[in-house]
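Subject: Structure handover

Dear colleague,

I am passing on the structure below, and the notes that follow it set out what was found. Please read them with the coordinates open beside you.

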Amino acid sequence: MTEILHRTAAELGADIAAGRLTSEEVTRAHLDRIDAVDADIRAFLHVDREGALEQARSVDARIAAGERLGPLAGVPLALKDVMTQVGVPTTAGSKMLEGYHAPYNATVTQRLLDAGVVILGKTNMDEFAMGSSTENSGFGPTHNPWNLERTPGGSGGGSAAAVAAFEAPLAIGTDTGGSIRQPGAFTGTVGVKPTYGGVSRYGQIALASSLDQPGPVARTVLDTALLHEIIAGHDPLDSTSLDEPTPPVVDAARSGDVSGMRIGVVTELGGEGYAPGVEAAFGRTVDQLADLGAEIVEVSCPNFEYALAAYYLILPAECSSNLARFEAMRFGRRVGDDGTHSAEDVMKLSRGAGFGAEVKRRIIIGTYALSAGYYDAYYGSAQKIRTLIQRDFDAAFEKADVLVSPTTPTTAFGLGERTDDPLAMYKNDLCTIPSNLAGNASASFPVGLSEDDQMPVGFHVMAPARADDRLYRVGSALERANEEVWGGPLLSRAPELKGAAK
Amino acid sequence: MALSVSDVERLGRLARIELSPDELEQLAPQLDVILEAVARVGEIDTSDVPATSHPQPLTNVFRDDVVAESLPVADALAMAPAAEEDRFRVPRILGESQ
Amino acid sequence: MTDLVDFDEAVDRYDPVMGLEVHVELNTASKMFCGCSTAFGAAPNSQTCPVCLGLPGAMPTVNGKAVESAIRIGLALNCEIAEWCRFARKNYFYPDMPKNYQISQYDEPIAFDGYLDVEVDGEIHRVEIERAHMEEDTGKSTHVGGATGRIQGASHSLMDFNRCGVPLIEIVTKPIVGAGAKTPEVARAYVKTLRDLIKALGVSEARMEQGNLRCDANVSLRASADAEFGTRTETKNVNSLRSVERAVRHEVERQAAVLDAGQDVALETRMWHEDTGATTAGRPKESAEDYRYFPEPDLVPVAPSREWVEQLRGTLPEPPTQRIRRLTEAWGFSELEMRDVVAADAVDPIAETVEAGCAPQSARKWWLTELARRANEQGVELTEVGMTPQQVESLQKLVDDKVINDKLARQVIDGVLAGEGEPAEVVDARGLAVVSDDGALSAAVDDAIAANPDIAEKIRGGKVQAAGALIGAVMKQMKGQADAARVRELIVEKLS
Ligand SMILES: [Mg+2]
Ligand SMILES: [Zn+2]
């Protein structure tokens, strides 16, 4: 069983396709692993045991009947609970949606099902994806498999932790300001935020529509690329989705050639506030890339320093509107409908009871930022900063093929450490936010452990919009070089989980 | 700028979020700190910078005027907190005094 | 009871300013932002989906046909068409709007700066158009537990979202000034002209009674034509042409009374009540009504190419005022006759009747007399009266062919309206054909002469004009079904 759990998704897919393994065996192995360790990790909000096995058997039957399916057919996956899926609950980590069942599949969900990927269950997340630690989940935090006292990052902490804890080889995340990449960095997994519009948002419960982007999470670069290819592509149901071919991400992941590639180190993303162990790992990695034949250049993106401020205006503004539909009139937990309260009262009471503190904070900020008289100073200015950040990227990409930085200023912090200080929490996203504002592609790759605390460090790579393949070239090159040094994947060095011993 | 408790209460009303006195007391100073931080967007002169509302410069994405299948009524109403006669039942719309 | 000032006095003392907002429901097959059907009258919530129910994760997609209709409306209103514009979210909570924001347009409407010329008493008023923008309709609420289904006093409401998301074009005028005492008529003429234009464009059924076309009237008064605008009220629920005129008139009378009493007009939404002919206070417009508009991030901008716009310009129908001028001439009507036709909303039915082959004057006669009277009695629009232009043409043909006379024709109309079939069928079924068979007529004439010897004597003496009395007697005996001209001939023959 351990053998199955430690195989890559690409290997599992090949074994299943060749009849060496059945999807049912593979799925059972992962469901058993979830049973064994998830009480400690709490990566899943819902495990769809029967549904997953049924799906696995159906894939097995199709393969037995001689059908040729895709490279990940029969391979299990953990779906972030922000994506709708028929037949199981969709909560977005909010009490407001406890027990909610969507009547339709998100486009990402549908593509996974069509590709024969087996969906094990729905993963934990910060409520409505607002947070960087999964501590804002209405259903309790997820724990980092490397150290159960630390957070796995957020908002997609559940997806990253599930993959890091070998509960699933693949997961889906969504990234609004770093929610795929930061948990990737914290858990030693690979996370890619595709170019905005590369993957359909239809059926993703929206946080901030102009920033949100679903993406793949996995333990290896190739697995991430294979998953990327399945979920990406034009969707007529999402008007912001790009109507053009997906960049050749799988080829890039297999090539891993960075020779002659110009790699731009962003001056502004480092220095004060960055942990020494993170900076050391970052520097080591840049040197590694140079050794692999890449050309290292320094680039400056002076407006990045305003990114955080712009982001924390644009996001709350859009979310204050996106979350207006959660008022318990057509769905959701209704409070105070006792005949004495008006619809307005019931909306207020339901939202007051259903939303957690961070969601309330952001909705209030967003309501304020959009209100008459403040719009220009806040939202309007933030949208202009967005233009300046795009220009910074454009200029930098003249000099470099990709830009790099640490994914996060620090490694995974302790549970409860930053919950009382929203601003400290927000600063986690310093490096990841610019790409959401500009809409270009970015990824986090594991590049070792920090000397400070022996926790994983993420290496952040940013590529121009529509050049997602460049991320995979860099990631793959680093993965090969590092595994040679480490003698195997970084995650093989993660501590054994207690629960699994029994 | 300093957001007062009553400002926060007004915003809560506008956003339809019931906030307890404790929450109001807690939120007002927190929001103040956040607003001060985000006010940085006003630090640089952006008077000649166009605003970006959409990260990709797409235009004219239209759908053909073709009827698609709707949800079965039972599915539409399945998650309703209250329903009657195939309609969503909501509390009275006007307050007591209106 | 609200105090009112006599209208003439009111406009003597105050200068009315008016702004009209008209919402036009487009006749697309599918909704504005989803593929649900827009067909009217379906079972509750049977035309809904995740998008128009505002379910978590759903995203809108723009109906291209609706954009095309918006551009055509804009062009027909002589507007500029934006080279680039966006949808915007208008944020406010209301149970009939699932997302709790309406996708609309804010400072970048698709069409702006146009005008529509309307005619009142032979005079052209140019109504300037501020903008026309695209948006989506709300759901329909049924209020339960209160009196007469009103929202006031209801214990709860039931929501049907079939209408939710149907495409709307909102057309907003600039302030209409200088119409003075004619302000209510200008309001009516504007809505009517606009309605006819929309209908001619074929973009909407444009039936006010079905809510395809809804008008909100903003009215304010000021002391004089050079004073600043006064506080306005917004009157809603104005659902017929007649109501538009009456509601504006009423608001002028009511606001004048408020101002005369030294009070301030309240900034509020008022509801028009057809039955009482009065407005009542609705929702107070919070001075801080704050819709927190921002560009809709789920939709990309609309940038109609100039080629497309010009191509659509080529599909526009003739402007209404121009059409009236052309038809007046073609039909040989006097200005006065045409004015009555326009006032009675009979241009389209007459045009169709003429097209079916009827002489214009005959078509005018039926639509403006018999049919107009019946429509009025039934309280419906002329086109809803129950007789088609083709049937009117058939009726006139029966008259022309001397199968019936005008008097019998009225009974035929009764029959058609009662659902007894086509005019010819009614004539047959009711036995209404004129008798011109000499045998039957001759006997009746003989009877009339015998019964009125003195009159017969006068005619014999050369007083031919006295024949009328005998004709009357014959007609009476034959229940109006005699050919009057032949009866006259027979009388003169027999008595000379
Ligand atoms: Mg409107
Ligand atoms: Zn729909």
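In what follows, helices (H or I, at least four residues) and strands (E, at least two) are DSSP runs, numbered from the N terminus. Please keep in mind throughout that this is a predicted model.

On that basis, the elements of chain B, read from the N terminus, follow the order α-α-β-α-β-β, which amounts to 3 helices and 3 strands. The radius of gyration of chain B is 22 Å, whereas the globule rule gives 13 Å for 98 residues, and because the former is well over the latter, chain B is more spread out than a compact globule. The box that its C-alpha atoms fill, taken along the principal axes, is roughly 55 × 45 × 25 Å. Of the 98 residues in chain B, 41% count as buried, and among its contacts with a separation of 6 or more, 29% are made by residues 24 or more positions apart. The accessible surface of chain B is about 5300 Å², with 48% of that area belonging to carbon and sulfur atoms.

Chain C contains 16 helices and 15 strands, and its C-alpha trace spans about 95 × 55 × 50 Å along the principal axes. Buried residues account for 55% of its 496 residues, and of the contacts in chain C with a separation of 6 or more, 68% join residues 24 or more positions apart. Chain C exposes about 20800 Å², of which carbon and sulfur atoms supply 48%. Its side chains include 55 positive and 80 negative ones, and the centres of the two sets lie 3 Å apart.

Technical notes
Residues numbered from 1 in each chain as written. Chains lettered and ligands numbered in written order. Predicted model: local features only at pLDDT ≥ 70, side-chain atom pairs only at ≥ 80, totals over all residues. Heavy atoms only, no water. Rg over C-alpha atoms; globule rule 2.2 N^0.38 Å. Buried < 20%, exposed > 50% of the residue type's maximum accessible area, 1.4 Å probe, protein only. Contact = heavy atoms within 4.5 Å. Areas by Shrake-Rupley, 256 points an atom, 1.4 Å probe, with all protein chains shown as cover. Lys, Arg positive; Asp, Glu negative; His and termini not counted. Charge placed at Lys NZ, Arg CZ, Asp CG, Glu CD.
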